[in-house]
Amino acid sequence: MTDSLSSYKSAQAAETSTHSSSESTNRFIEPVVLIHRMALGIAIATWMVMAIGSATRVMNAGLACPDWPLCYGSVLPAEQMNLQVFLEWFHRLVASSVGFATIVLFSASWYFRKSLPKWLPWATSGSLSLVVFQGILGGLTVTQLLRFDIVTAHLGTGLLFFSSLLAIATALTNQGSLVDLQSKSTKLPWLGLTAAVLVYLQSILGALVASQWALHQCFATQDMCIVLNAHLIGVIPATLASIVVVVTAWLNKDIAPELRRLATIAGCLVIVQVAIGYATYKLHLQVEPLTIAHQATGSALLGTLVCFSVLAFRAARQDQSFIQEQNQAQPAIR
């Protein structure tokens, strides 16, 4: 009886040890999940930074803090604080937080590199390089008194950084429900990538219009109309490419549901963006929230197309692997 009791206690102790071990394991997030969540969170914060930056420009607050990186020589300029100073100060605060978070993302990806895809540490290194360059451009924007080429490069780099984070997060997403695409759908990744590039270029044209106040000058003195017209003409290829992606995705019956969902979101964003852009043009940029929403929606459309392209490339690669496995299995069956 003593032996039975002793064996029971040892078995119970082993079970307790196993249970506590599994609990301690569950307390920790897998590195790939951690990096995915961090990249997605930083991407969302970056989208907010760009929206706040647009509000700062629209409210003529770009030079509300005349020095950099501090504001009136202090971390919190309480005495000089007003709406314009707050916008510029808050923009810098959130941007700095994004920069520090990117450093953490970079460090974590290299620390857990043995448990992560080989490309991931290098991808986060690229994102870190972009955010460092973005910070330098942010400082030059103030010290060079809002020079239009620096302001445009500032937004362009921000959009690239935003896209890189979304690409990383999407590539790490566990898409177990992705349906294998047929070979006729291999054009989807390239359609999505083409649309994303065109939307990005259109965003750069929009930044040129905004940084030079081209719309106001064109209506007032007929100056800078060529820049404004280039942006208006650029709407056509970017919109058509996005519509082609949406229509192709919906006409393809073998497409993964995630891709169809992203295509639907892209289609809705295109409609909203065109409507906001038309209203902004007709109202001569007199309604500030419309101008801010115009840039924010454009960034969201770019991000959606980037996510669509990454998932489409993943699905196409899965389809190619499936075809190769079938071809290798056929001789064995015969």
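Trainee: Is Gly234 buried or exposed?

Mentor: This is a predicted model, in which local features need pLDDT of at least 70 and side-chain atom pairs count only at pLDDT 80 or more, while totals for chains, interfaces and linings use all residues. Residues are numbered from 1 along each chain as its sequence is written, and side-chain values use heavy atoms, with hydrogens and water left out. Buried means under 20% relative accessible area, exposed over 50%, and partly exposed in between (1.4 Å probe, protein chains only). Gly234 has a relative accessible area of 12%, so it is buried.

Trainee: In which helix is the place of Gly234?

Mentor: Gly234 belongs to helix H8 (residues 225–251); helices are DSSP runs (H or I, at least four residues), numbered from the N terminus. Gln202 is 32 residues from Gly234 in sequence, yet their C-alpha atoms are 5.8 Å apart in space.

Trainee: How many aromatic pairs does the structure hold?

Mentor: Rings of Phe, Tyr and Trp (its six-membered ring) pair if their centres lie within 6.5 Å; planes under 30 degrees apart count as stacked, over 60 as edge-to-face and the rest as tilted. The structure holds six such pairs. One of them joins Trp110 and Trp122 edge-to-face, at 5.0 Å centre to centre and 80 degrees between the planes. Trp110 lies in helix H3 (residues 83–111) and Trp122 in helix H4 (residues 119–143), so the pair ties together parts twelve residues apart in sequence. Trp110 is partly exposed at 24% relative accessibility, whereas Trp122 is exposed at 60%. Tyr111 and Phe112 also form an edge-to-face pair, at 4.9 Å and 85 degrees. Here Tyr111 is exposed at 66% and Phe112 partly exposed at 28%.

Trainee: Which residues lie nearest the centre of the second largest pocket?

Mentor: Rolling a probe the size of a water molecule over the atoms shows where empty space is left. On a 1 Å grid over the protein atoms alone, a pocket is an open set of points where a 1.4 Å probe fits, with protein on both sides within 12 Å along at least five of seven lines; lining residues have an atom within 4 Å of a point. The second largest pocket is lined by 17 residues, with Leu40, Leu166, Thr170, Gly303 and Cys307 nearest its centre. Helix H2 (31–58), helix H5 (148–171) and helix H10 (288–333) each give two or more residues to that lining.
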